[in-house]
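Subject: Structure handover and notes

Dear colleague,

Please find the structure below, together with some notes on what was found in it. I would be glad if you could read the notes with the coordinates open beside them.

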Amino acid sequence: MTLTVYNTLTRRQEPFKTVEPGKVKMYYCGVTVYDYCHLGHARACIVWDVVRRYLQFIGYEVRYVQNFTDVDDKILNRARQEQSSMEAVADRFIKAYFEDMRRLGIKEADEYPRATQTMNGIQRLIHELENKGFAYPSNGDVYYAVRQFGEYGKLSGRKLEDMQAGGSERVNLEDAEYQKKKDPFDFALWKAAKPGEPSWESPWGAGRPGWHIECSAMVRDRLGETIDIHAGGADLIFPHHENEIAQSEAVTGKPLATYWLHNGMVKVDGEKMSKSLGNFTTIRDLLDRHVDPMAVRLFVLMAQYRKPIDFTDDAIAAATNGWHTLKEGLLFGHQYGKQLGWEVDSSLLPEFVERFQETVNDDFNFPGGVTVLFELAKELRREGNILVHQGKTDTPAAELQKQWQTLVTLAEVLGLTAEMENSPPATDGLSDAEIEDLIQQRQAARKAKNFVAGDRIRNELQSQGITLVDSAEGTRWHRN
């Protein structure tokens with residue numbers, strides 16, 4: 001089965017075919033860096049991280065670009081509040097972004113262009129729009145003439161006659177600014193400098209770019225005129241992505257992107273996340289509450305990426321429990337590989353790989369892929385319990401190694417990884433050697449039929465989180 005994806009532009013699921021065979025050009029509309037990233041950003045970044053990983057897994061060479069919007073009214077407002085500068089605010093939250101993403105296991109993009117680093121490309125694109133009759137200057141501003149682009153609304157399905165005036169603006173404009181427009185639907189490409197604001201020189205006077213033109217210019221500068229995937233949150237379909245199409249395609253006459261992919265939004269306990277409702281949760285707040293980053297990834301991946309998800313305590317608890325199951329499976333080889341006599345072998349079970357790929361090929365059906373992982377992990381967990389309690393298993397060691405290697409490989413595609421942790425020290429500081437000594441004392445007591453002393457040692461070890469497993473072959477132990 002070939003990969004098919006749901007294309008927002010055509011409103012249907014389509015076979016995935018790239019502009020250049022074997023290569024994918026992918027752009028993700030990144031964050032506006034005026035605050036710490038929240039759960040909505042976490043979902044988007046995880047989803048597109050895994051889409052990229054999966055495309056690489058099935059053989060594509062992926063060039064993945066993600067921008068930072070570092071020129072924006074929200075950044076300026078934050079800088080004023082802190083008596084700082086727009087650059088200082090942007091730099092601080094870009095640094096925080098990378099810290100948060102590393103904790104979530106997000107692979108870095110190939111490039112992170114910033115709007116402030118793309119001013120030449122932005123001005124060049126505006127100039128071309130002006131020359132082609134799609135843009136006009138007005139008292140230091142430059143506006144896009146929406147009605148000049150006959151296909152406006154094709155991404156969102158909106159029609160101009162059904163829209164309210166001003167609906168294409170990200171920020172409400174003062175009445176005086178509306179008067180600069182030829183049509184209320186027109187949106188700003190360049191904004192004249194205001195006192196005290198950062199600005200750049202341009203043919204239209206000092207000013208700064210509008211939000212939409214930034215992404216059009218960054219896509220063109222970094223990836224070319226037509227890319228394969230343009231991704232982002234569903235809240236960006238209109239006006240941002242609609243306006244990107246209008247700007248870019250008016251100049252090039254070519255599709256900006258073949259496939260437009262959008263992830264669903266995040267709600268918190270059924271409500272839209274907002275600071276006013278007190279349910280605004282940042283990534284670092286969540287992870288600092290000792291929620292495992294892998295549980296957060298699993299929570300996101302257990303939902304269809306285009307649908308809304310509801311973040312609740314119960315949902316994250318379920319994801320945490322699910323992660324514990326997967327983690328046990330992922331650690332199986334580290335815990336029992338030596339005991340089973342494994343040698344270096346990277347062989348996989350083709351039937352599981354094929355099922356995983358066939359499932360995920362259906363519009364990035366990551367929940368279905370997770371189901372395949374659970375099947376492998378639960379079997380390995382069962383085998384681990386057998387090894388703990390019986391010391392051996394009837395399943396061939398080579399078969400277990402293939403199961404484990406398959407689980408690790410497919411989990412890595414979803415960015416789900418586990419590492420062995422140092423055994424937590426017991427509360428009384430018992431070392432492995434001390435535990436072994438106590439077990440020997442218990443065995444001696446039992447041999448002398450002093451079962452009270454033997455039970456006392458077992459209970460003492462149990463209270464320290466150490467479980468003893470007696471069998472015909474002797475006594476084994478493990479930390480809980």
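A residue is called buried when its relative accessible area is under 20%, exposed when it is over 50%, and partly exposed in between, with a 1.4 Å probe and protein chains only. The accessible areas themselves come from the Shrake-Rupley method with a 1.4 Å probe, and for residues only the protein chains shown count as cover.

Please note that this is a predicted model, in which local features need pLDDT of at least 70 and side-chain atom pairs count only at pLDDT 80 or more, while totals for chains, interfaces and linings use all residues. Residues are numbered from 1 along each chain as its sequence is written, and side-chain values use heavy atoms, with hydrogens and water left out.

Along the principal axes, the C-alpha atoms fill a box of roughly 100 × 50 × 35 Å. The protein exposes about 22400 Å², of which carbon and sulfur atoms supply 47%. Of the contacts (heavy atoms within 4.5 Å) with a separation of 6 or more, 75% are between residues 24 or more positions apart.

Gln401 lies in helix α14 (residues 397-413) and counts as buried because its relative accessibility is 10%; leaving aside neighbours within four places in sequence, Gln401 is in contact with Trp342, Glu343, Val344 and Asp345. Gly369 belongs to helix α13 (residues 366-390), and its relative accessible area is 0%, so Gly369 is buried. With neighbours within four places in sequence again left aside, Gly369 is in contact with Phe356, Thr359 and Val360, whereas the C-alpha atoms of Gly369 and Leu287, 82 residues apart along the chain, are separated by 25 Å.

Asp269 sits in the loop between β11 (266-268) and β12 (271-272), and counts as exposed because its relative accessibility is 54%.

Definitions and conventions: Helices (H or I, at least four residues) and strands (E, at least two) are DSSP runs, numbered from the N terminus.
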